[in-house]
Amino acid sequence: MKKFPVYKQLDAMDCGPTCVRMIAKYYGKNYSLEYLRNESYLTRDGVSLLGISEAAEKIGFKTLSSKISYETLKNDAPLPAIIHWNQSHFVVLPPQRFGKKNSKITIADPAHGMVRIDEETFLKCWLNSNTTGIILLVEPTQNFFNEEGIHQAKSGFGFLFNYLKPYRRYLIQLFISVLLAALFSLIFPFLTQSLVDYGVNRQDISYVYLILICQLLLFLGTTVIEMIRSWILLHMNSRINISIISDFLVKLLSLPIRYFDSKMIGDIQQRIGDHLRIQNFLTGTTLSTLFSFVNLIVFSIVLAIYNIPILIVFLLFSTASVGWIVIFLKRRKELDYKRFQRLSDNQNILFEMITGMQEIKLNNCETAKRWEWERTQAKLYKISVKGLALGQYQQVGSVFFTQLKNILISFVSANAVIEGQMTLGMMLSVSYIIGQMNGPLDQLLGFVQAAQDAKISLERLGEIHNKQEEKTDSGSPYEEIENNLGAIRLENISFQYEGPQSPFVLKNINLLIPEGKVTAIVGSSGSGKTTLMKMLLQFYEPIKGDIFIGSKSFNTISPGLWRSKVGSVMQEGTIFSDSIARNVSLSDEHVDVIKLKKAVSVANIREFIEELPSGYQTKIGNTGAGISTGQKQRIQIARAVYKDPEYLFFDEATSALDANNEKIIIQNLSEFFKGKTVVVIAHRLSTVKHADQIVVLEKGEIVETGTHEQLAARQGLYFDLIKNQLELGN
């Protein structure tokens, strides 16, 4: 039977694309997980069987989703196939012979690797009723074999060692210090031999004094070299750590908003934590092991000069010790994947508990949430126990080979002295040399484990570093955009979140948003209003159709340049942990006081701010003074006004305000809106009735367009939306 390839999922949501990747590899094609993720339309909730089917068909497979019995599976189903596991996971059923009842069944689990389970467990996890289970049959077509495949972009140690290149000068200094330290250490065994064979045997105390003084001077020299090396390493360590984290954050901030729609906060936080392992490996373990390896080579040469059989014993048992550690690396890797996912779950739960404390208390679910966290801790504990046991197995085996090696070397040395092949001083020198060689060997064993940890972390970080960024440098220059501003035109715009078979959020939208006018978008919840606005902000690209700004297509404009000309207030807008002044002036490095005061005046929050003890420097946000939802909205409005942009997009910008504040702010904004192109999403009549154009959305389609008076007179959907609001009669 052909050996079935196994890949591990990097996140809990990756099981479906990973299954497709395993089957593609089985048939001889290599596809990157990132490509299959995109084709599966992965979301924060995972992937559907339909999404997996579409990804498989995209690369040339023929698929069929079905519910079948176990007998049909054994006798008729072509394998490999993907099966729905425990109603929440996907695994691959590789080609195999089904034996007698209660025989073992093999599954390729993206979370755990190749697993053999009994028939009873298989049926319990697969069957979603008493008789049938869900399966996705996958067979290659000629198109599959005609495709080249899309390989995973590498983010290996070559990428990592690029961070060492700027520090060549320091590396040369470190290498020189290592050579000097090795030279000093090399002299020690000869001094020890001379001390015993000449000073002690001849009872020459003056010679003994001389040797001891030499050893003291060598020790001082070695200490100074070690101090210098530590300072150089500290300098490099700090700089490289900042560079690695900084590059990661630069990449993270350049990713499109859709990436964050499908990622949990815990997953991203855990990847930031992975940088610590990489940094320790790069500037700690790697360099220390390199230095130790030099010492190992130097002392091996000296040991060969003293006694070759002792060197052979050392090398044989040292190889056995390293081999013992390597045996457990695969199991250690599996535990690391599991630990990563459990820690990610733990981060998500803690974040939700802290940010959702108000809702937890309102619904008296403190105990339920605590139990949820404790269940995650129990899973973490089990993984930690397995990791501890694995570490103990590695340590016991390594210590066994090391001690056996030391005993045999002591025997060989003592026997050589008895037979006159070595002097007593040489024997003591050999003991010193073995001690000096055991240290580097222990570091080499630690290096093997650290290299594995770093490789796993690099795989997880590679998922982010290899992602395609938003357009930043491409597109029109700023001056050209500025001279070609105009109306916004949407032509046949359609959009789906989860792939071709998912429901349309927007369907065939044709809309002209006039330059210098106010356009209001209204509709029931879920009609696609916010999605449309996010598309206008270039967060999402349409599945069909095109958007134009004046005569220019959106595709030719860099998102960063476009957003620099746009002011926006979103439903889920964020107040940062900073002063009020910095929260309003996010777009400027230095606060323009005149613009700041004008912005807070328009947002009708100036009086509130100036009455605070610290005024505009009052700290707000997660770690600052608490402010109401309405005050947060007004600060966000002030933030948009502060930019003084040509285009403004407001999504329920006044939904949390009382009627009086809303009236004042709308009056202020009406003056500010003059000459600007404005799009407003709102449910309140008072916010939209003075708009130059009102667009009514329903189920992703435009059903009405006109002014307030025109739409109210028609008594259509717009009339139904606002008829219960008192302002209708005004």
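Trainee: Where is Lys699 found?

Mentor: Keep in mind that this is a predicted model. Lys699 sits in the loop between β17 (693–698) and β18 (701–706). Its phi is positive, about 55 degrees, although Lys699 is not a glycine.

Trainee: And is Lys699 buried or exposed?

Mentor: Lys699 is exposed, because its relative accessible area is 61% and the cut-off for exposed is over 50%.

Trainee: Which strand holds Asn492?

Mentor: Asn492 belongs to strand β7 (residues 488–495). This residue also has a positive phi, near 55 degrees, without being glycine. Asn492 counts as partly exposed because its relative accessibility is 43%. As background, most residues other than glycine have a negative phi, and most peptide bonds are trans.

Trainee: Speaking of peptide bonds, what joins Leu79 and Pro80?

Mentor: A cis peptide bond, with omega at about 5 degrees. Pro80 lies in the loop between α4 (70–75) and β2 (81–85).

Trainee: Let's zoom out. How is the chain divided into domains?

Mentor: There is domain 1 (14–146), domain 2 (243–466) and domain 3 (488–728). The C-alpha centres of domain 1 and domain 2 are 33 Å apart.

Trainee: What about the radius of gyration?

Mentor: The chain has 34 Å, whereas a compact globule of 730 residues would be near 27 Å. Its C-alpha trace spans about 120 × 75 × 55 Å along the principal axes.

Trainee: How many helices and strands does the chain have?

Mentor: The chain has 27 helices and 18 strands, and 48% of its 730 residues count as buried.

Notes
Residues are numbered from 1 along each chain as its sequence is written. This is a predicted model: local features need pLDDT of at least 70, side-chain atom pairs count only at pLDDT 80 or more; totals for chains, interfaces and linings use all residues. Side-chain values use heavy atoms; hydrogens and water are left out. Helices (H or I, at least four residues) and strands (E, at least two) are DSSP runs, numbered from the N terminus. The radius of gyration is taken over C-alpha atoms; the globule rule is 2.2 Å times the number of residues to the power 0.38. Buried means under 20% relative accessible area, exposed over 50%, partly exposed in between (1.4 Å probe, protein chains only). Domain bounds come from an automatic or database domain assignment.
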